[in-house]
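Open your viewer and get ready to select. This tour goes from stop to stop and tells you what to look at.

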Amino acid sequence: DTEVTQTPKHLVMGMTNKKSLKCEQHMGHRAMYWYKQKAKKPPELMFVYSYEKLSINESVPSRFSPECPNSSLLNLHLHALQPEDSALYLCASSQGTGWEQYFGPGTRLTVT
Amino acid sequence: EDQVTQSPEALRLQEGESSSLNCSYTVSGLRGLFWYRQDPGKGPEFLFTLYSAGEEKEKERLKATLTKKESFLHITAPKPEDSATYLCAVQTSNTGFQKLVFGTGTRLLVSP
């Protein structure tokens, strides 16, 4: 089973709202990732967790806050977003860093 | 700086018309090259990993090959359900084992 699940599938939020995106995997993977993807562009890495510790933060604005409660779960907390943050947010996991990454279906985020 | 370039940007084929997609890379030390398929509005689906020049991988109508400067994704007798965007990505010694550098993708449309 190579499934990564993400909730919600769609999210519309105002610029003053606080919301969270959730990601879960049950493959025993020890690395988890958040990506942002704009239309007709490739995914861009935001954060990497390895063994539940944040190991890469690609200079993402502080209005995005990641959290890894345990080895199976990954959250992305959103606060005071801008319309340009509207995108497809993808979660991925891998056996370890350096291995192929398996992506979830994504959360389509619209900021109004 | 590591670079990944995919060509063509878009490709239209008739059902059964075989072709190849190209991924050329300029990196300081290739650790792995990955091929993904992405349907509109969905997360990328892992296809292949290639690690060294001369390596080949096959799956149904797809075959991926790797040289020292590029990778090809050969599609034999494609069907309409093969229509998708195909992404390649590299992990290099510059980025460490944690970061994938994606190309911009090839949008494939297979007509019946």
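How do the residues of the lining of the largest pocket divide into nonpolar, polar and charged? They divide into seven nonpolar, seven polar and eight charged. Here Ala, Val, Leu, Ile, Met, Phe, Trp, Tyr, Cys and Pro count as nonpolar, Asp, Glu, Lys and Arg as charged, and the others, Gly among them, as polar.

Two notes before you click on. This is a predicted model, where local features need pLDDT of at least 70 and side-chain atom pairs count only at pLDDT 80 or more, while totals for chains, interfaces and linings use all residues. Residues are numbered from 1 along each chain as its sequence is written, chains are lettered from A and ligands numbered from 1 in the order in which they are written, and side-chain values use heavy atoms, with hydrogens and water left out.

**Stop 1: the largest pocket**

Select Ala39(A), Lys40(A), Lys41(A), Thr85(B) and Arg107(B). Of the 22 lining residues, these lie nearest the centre of the pocket. Its volume is about 520 Å³. A pocket is found on a 1 Å grid over the protein atoms alone: it is an open set of points with protein on both sides within 12 Å along at least five of seven lines, and lining residues have an atom within 4 Å of a point. Grid points are joined across faces, edges and corners, and the volume is the space filled by probe spheres set on the points.

Now colour S9 and strand S11 (106-111) of chain B, the elements that give two or more residues to the lining of the largest pocket. S9(B) gives the most, with three residues. Strands (E, at least two residues) are DSSP runs, numbered from the N terminus.

**Stop 2: the second largest pocket**

Select Pro42(A), Pro43(A), Glu44(A), Leu45(A) and Lys99(B). They lie nearest the centre of the second largest pocket, which 23 residues line. The volume here is about 420 Å³. Which strand gives the most to this lining? S5(A) does, with three residues. By class, the lining has twelve nonpolar, three polar and eight charged residues.

**Stop 3: a salt bridge between the chains**

The rule asks for a side-chain nitrogen of Lys or Arg within 4 Å of a carboxyl oxygen of Asp or Glu. Across the interface of chain A and chain B it finds one such bridge. Over all chains, the count comes to eight.

**Stop 4: the whole interface**

Show both chains. In contact (heavy atoms within 4.5 Å) are 23 residues of chain A and 19 residues of chain B. The area buried between them is about 1600 Å², and carbon and sulfur atoms give 58% of it. Buried area is the accessible area (1.4 Å probe) that two parts lose on being put together, summed over both.

**Stop 5: the largest cavity**

Go to chain A and select His29(A), Arg30(A), Ala31(A), Met32(A), Tyr49(A), Tyr51(A), Glu52(A), Cys68(A) and Ser71(A). They line the largest cavity. A cavity is a set of points where a 1.4 Å probe fits but cannot get out. How many cavities of 30 Å³ or more does the structure hold? It holds one. About 40 Å³ of space lies in the largest cavity. Its lining divides into five nonpolar, two polar and two charged residues.

Key. Helices (H or I, at least four residues) and strands (E, at least two) are DSSP runs, numbered from the N terminus.
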